[in-house]
Amino acid sequence: KLQNLFSKELPPSPLPFTTVDEIVHRSLPKCLLVHGMDDNVVPFTSTSEAAKIIRNCGAKLCDEYYVPRASHPDVIMHFMLGGKSRDFVMDWLRRNKSLNSDGRGIPTAVYHMHGMQSKL
């Protein structure tokens, strides 16, 4: 675990938080994982496994969206041409536009498909 890399006892800090849990929680942005339920290239269960790993690293805010009746290329096409996947992500971004605990910031959604990173 990420927490095991650090001592729970931290030296005095000028930051408004002092525990490893607070540092990790405030450092990791809220994330959304999207996967098509009919994906025959990558099993949709890999998304739930990824979410578990992300949460085990200390991120408490990790949402999952499983697109019904959508294959691997369907989800990609939704992002490129419009569709339920992109609509859901854009709505999620609007609902979560203030993710920092101090109320500042707009999230940057980054999705990774086939080794190509893009920003929404």
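Guide: Helices and strands here are DSSP runs, a helix having at least four residues and a strand at least two, numbered from the N terminus. The model is a predicted one. Its secondary structure comes to four helices and four strands, and along the sequence they follow the pattern α-β-α-β-α-α-β-β.

Visitor: How do you know what percentage of the residues count as buried?

Guide: A residue is buried if its relative accessible area is under 20%, exposed if over 50%, and partly exposed in between. Of the 120 residues of the protein, 28% count as buried.

Visitor: What makes Tyr65 buried or exposed?

Guide: Its relative accessible area is 15%. The cut-off for buried is under 20%, so Tyr65 is buried.

Visitor: Why is Tyr65 said to form an aromatic pair with Phe88, and which kind of pair is it?

Guide: Ring centres must lie within 6.5 Å, and those of Tyr65 and Phe88 are 3.7 Å apart. Planes under 30 degrees apart count as stacked; here the angle is 5 degrees, and the pair is stacked. Tyr65 lies in strand 2 and Phe88 in helix 4, so the pair ties together parts that are 23 residues apart in sequence. Phe88 has a relative accessible area of 25% and is therefore partly exposed.

Visitor: What lies over the face of Phe88?

Guide: Arg95 does, at 5.7 Å from the ring centre. The distance limit is 6 Å, taken from CZ of Arg.

Visitor: How many aromatic pairs does the rule give?

Guide: The count comes to two. Phe44 and Tyr66 also form a pair, with 5.9 Å from centre to centre and 75 degrees between the planes. An angle over 60 degrees counts as edge-to-face, and that is the label for Phe44 and Tyr66. This pair links distant parts of the chain, 22 residues apart: Phe44 is in the loop between strand 1 and helix 2, and Tyr66 is in strand 2.

Visitor: Why are Phe44 and Tyr66 given their accessibility labels?

Guide: Phe44 has 31% relative accessibility, so Phe44 counts as partly exposed. Tyr66 has a relative accessible area of 23%, so Tyr66 is partly exposed.

Visitor: How do you know how the span of helix 4 sits against the expected one?

Guide: Helix 4, residues 84–95, has twelve residues. From its first C-alpha to its last it reaches 16 Å, close to the 16 Å expected at 1.5 Å a residue.

Visitor: Why are the buried residues of helix 4 said to line one face?

Guide: The buried residues are Ser85, Val89, Trp92 and Leu93. Seen down the helix axis, they fall within an arc of 100 degrees, so they line one face of helix 4. An α-helix has 3.6 residues a turn, so residues three or four places apart point the same way. What covers the buried residues of helix 4 includes strand 1, strand 2 and helix 3.

Visitor: What makes one face of helix 3 the buried one?

Guide: In helix 3, His72, Val75, Ile76, His78 and Phe79 are buried. They fall within an arc of 155 degrees around the axis, so they line one face of the helix. Met80 and Leu81, on the other side of helix 3, are exposed. Just after helix 3, Gly82 takes a positive phi of about 100 degrees.

Visitor: Why is the phi of Arg69 worth a remark?

Guide: Most residues other than glycine have a negative phi. Phi of Arg69 is near 55 degrees, a positive value in a residue other than glycine. Arg69 lies in the loop between strand 2 and helix 3. Its relative accessible area is 67%, so Arg69 is exposed.

Visitor: What makes the links of Lys30 polar contacts?

Guide: The limit is 3.5 Å between N or O atoms, one able to donate a hydrogen and the other to accept it. Lys30 is found in the loop between helix 1 and strand 1. The side chains of Lys30 and Asn96 are joined by a polar contact of 2.8 Å. With the side chain of Asp63, the side chain of Lys30 makes a polar contact at 3.5 Å.

Visitor: How do you know whether Lys60 is buried or exposed?

Guide: Lys60 has a relative accessible area of 56%. The cut-off for exposed is over 50%, so Lys60 is exposed. Lys60 lies in the loop between helix 2 and strand 2.

Technical notes: Residues numbered from 1 in each chain as written. Predicted model: local features only at pLDDT ≥ 70, side-chain atom pairs only at ≥ 80, totals over all residues. Heavy atoms only, no water. Expected span 1.5 Å × (residues − 1). Buried < 20%, exposed > 50% of the residue type's maximum accessible area, 1.4 Å probe, protein only. Arc of directions from axis to C-beta. Contact = heavy atoms within 4.5 Å. Phe/Tyr/Trp six-rings, centres within 6.5 Å; stacked < 30°, edge-to-face > 60°. Lys NZ or Arg CZ within 6 Å of the ring centre and 35° of its normal.
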